[in-house]
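Biologist: Before we discuss any term, may I ask you to show me the structure?

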Amino acid sequence: MKNPIIQKIREIMQIKQTNLSVAADLTKSHEILDLAQKIGDKICIFKTHIDVIEDFSENFTKELRKIADEKNF
């Protein structure tokens, strides 16, 4: 059985012609969202650590999901 997440990542890598992933170890949600917006077109994976985000909220996850959908990562 193939893992659908792995399949999606491979698809994104092929479409965008990159295997670049970024670990956004930042503590402010606006910094993370700004970084995602700036580099999203060039990456296939954007990793965060929500447990270190000082101002984490449900709105943050919605905004990050919106950027991820728009930038295809």
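**Terms and values in the model**

Modeller: Helix α1 covers residues 4-16, 13 residues in all, and reaches 18 Å from its first C-alpha to its last, close to the 18 Å expected at 1.5 Å a residue. This is a predicted model, in which local features need pLDDT of at least 70, side-chain atom pairs count only at pLDDT 80 or more, and totals for chains, interfaces and linings use all residues. Residues are numbered from 1 along each chain as its sequence is written, and side-chain values use heavy atoms, with hydrogens and water left out.

Biologist: What makes 18 Å the span expected of α1?

Modeller: The expected span is 1.5 Å times one less than the number of residues in the helix, and α1 has 13 residues.

Biologist: Why is Lys71 called buried?

Modeller: Buried means under 20% relative accessible area (1.4 Å probe, protein chains only). Lys71 has a relative accessible area of 12%, and is therefore buried. This residue lies in helix α3.

Biologist: Which residues does Lys71 touch?

Modeller: Contact means heavy atoms within 4.5 Å. Not counting residues up to four places away in sequence, Lys71 touches Lys16, Gln37, Gly40 and Asp41. The C-alpha atoms of Lys71 and Gly40 are separated by 5.2 Å, although the two residues are 31 residues apart along the chain.

Terms used:
Helix = DSSP H or I, 4+ residues; strand = E, 2+ residues; numbered from the N terminus. Buried < 20%, exposed > 50% of the residue type's maximum accessible area, 1.4 Å probe, protein only.
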